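Here are a few notes to read alongside the model.

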Amino acid sequence: MPANPLLKSSAYIDGTWICAVDRAQFAVHNPADGTLIAHVADCRATETEAAIDAAHRAFPAWAARSAAERSALLMEWYRLMAVHEQDLARLLTAEMGKPLAEAAGEIRYGASYLQWYAEEAKRAYGEVIPSPSADSRMIVVRQPVGVCAAITPWNFPNAMLMRKAAAALAAGCTMVAKPAEDTPLSALAMAALAEMAGIPAGVFNVVPTSRPAEVGAVLTASEKVRKLSFTGSTGVGKLLLSQCAPTVKKISLELGGNAPFLVFDDADIDAALDGLVACKFRNAGQTCVSANRIFVQEAIHDRFARALADRVKAMRVARGDAAGAEIGPLINRQALEKVESLIADARANGAEVLAGGSCHETGGLFYEPTVLTGITPGMAIACNEIFGPVAALMPFRTEQEAIALANDTPFGLAAYLYTRDIGRAWRVGEALEYGMVGVNQGILSSAAAPFGGIKQSGMGREGSRHGLDDYLELKYLNMGGIAR
């Protein structure tokens with residue numbers, strides 16, 4: 001890749017760029033062609049503990065700063081993201097593979113959280129409770145939790161980090177971030193911008209590693225870490241939750257999904273197709289809120305399926321830095337093999353391929369955008385998060401059947417429905433057991449809205465004023481001797 005001023009390979013701890021013990025490193029490759037991008041410091045327990053100690057030392061002074069001071073520093077960080085948007089986007093495309101236009105969109109999305117929480121930092125209001133006694137006053141204040149740990153995924157390596165870091169720092173917390181081993185460069189680039197912005201040493205630390213279990217265990221066991229925020233699989237989230245129990249940490253989890261996408265026969269078909277393509281094929285289907293099970297009412301199912309297949313066949317599969325690229329590579333060989341396995345199982349059980357269905361002629365980790373029909377609820381593809389460019393369609397007859405099918409999963413992150421009946425929109429929207437529901441919308445995310453799931457898709461929220469609450473504790477002050 002071309003020279004990039006934000007390409008960093010060292011860990012960032014206590015305001016210093018450091019090598020790992022014994023100068024250990026791990027390789028980061030471009031999933032589009034397997035080329036080496038960088039050798040990155042491979043942090044272990046020693047570096048992680050150093051980062052925690054740095055964040056612990058920095059916390060009192062950072063928490064004591066006025067909200068206006070913290071806000072100004074976050075706004076400068078935001079400004080620098082805008083200045084370096086293309087550098088950040090090129091780095092993201094290189095390590096993750098998504099098309100450059102999508103990568104730039106992710107950078108703007110990540111920056112929006114800095115802007116939002118720079119403003120929200122000044123709104124961490126307390127309250128005065130009417131006291132039953134004339135001689136006392138009852139006050140509630142909100143104070144930062146303390147040192148926070150963030151464990152972020154590979155599919156949105158900038159945005160997922162900034163959703164956490166912006167809220168934490170706005171609240172007055174300090175942070176130790178562990179990025180995914182496939183995509184550590186975006187997090188290190190954000191550390192470089194934090195340093196330029198004047199974020200004090202120890203407030204924001206990044207520990208890249210190829211040993212996530214070892215580093216995660218240090219973060220969860222530490223008495224100094226008072227909050228953990230994790231985005232990733234449900235299995236890992238459950239493990240981290242159990243590891244946090246002995247120290248009773250505050251915890252936020254954004255875990256796996258199995259998003260239903262419901263299209264009723266009164267829907268605007270073109271709008272539903274637009275929404276589904278945006279929701280399903282963004283980032284080659286590698287998003288936690290991607291439509292996973294697509295339910296289409298019987299009267300329009302076949303027409304909808306054919307129209308979707310036509311659109312999908314026209315999509316351009318190419319490396320992310322190629323002009324006009326719409327579908328990039330999957331992140332690694334394991335991800336490709338999972339998609340192949342799910343499609344093979346579906347075909348063996350009677351599914352029909354209307355588009356795609358094979359590895360792309362480009363080779364490597366590229367897979368054809370695919371449309372399948374004849375999916376049944378018992379198939380593996382209907383029960384597992386696909387995380388690939390595969391649209392799996394199922395017909396339904398009635399509104400009640402659609403709701404039952406949509407809710408028949410232990411997951412509850414995101415759901416979507418398309419209808420022009422306002423009564424149905426309310427009924428179905430309220431009946432869907434999900435933390436977020438898009439009604440005639442295929443894209444949900446906004447810094448102004450609470451992002452998160454229910455059931456086994458997690459706990460806590462990111463974004464909106466509620467996201468700030470996850471980094472604050474309530475303190476009740478009962479002040480006596482007032483009337484004397």
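1. Ser 186 touches Leu 91, Leu 92, Glu 95, Pro 157 and Asn 158, leaving out residues up to four places away in sequence; contact means heavy atoms within 4.5 Å. With Glu 95 there is also a polar contact between the two side chains, at 2.6 Å (a pair of N or O atoms within 3.5 Å, where one must be able to donate a hydrogen and the other to accept it).

2. Ser 186 counts as buried because its relative accessibility is 3% (buried is under 20%, with a 1.4 Å probe and protein chains only).

3. Please keep the origin in mind: this is a predicted model, where local features need pLDDT of at least 70, side-chain atom pairs count only at pLDDT 80 or more, and totals for chains, interfaces and linings use all residues. Residues are numbered from 1 along each chain as its sequence is written, and side-chain values use heavy atoms, without hydrogens and water.

4. Where is Phe 387 placed? Phe 387 lies in the loop between helix H12 (380-383) and strand E16 (390-396). At 18% relative accessibility, Phe 387 counts as buried.

5. Beyond its neighbours within four places in sequence, Phe 387 is in contact with several residues, including Trp 154, Asn 155, Cys 288 and Leu 330. The C-alpha atoms of Phe 387 and Ala 291 are separated by 9.6 Å, and these residues are 96 apart along the chain.

Definitions and conventions. Buried < 20%, exposed > 50% of the residue type's maximum accessible area, 1.4 Å probe, protein only. Helix = DSSP H or I, 4+ residues; strand = E, 2+ residues; numbered from the N terminus.
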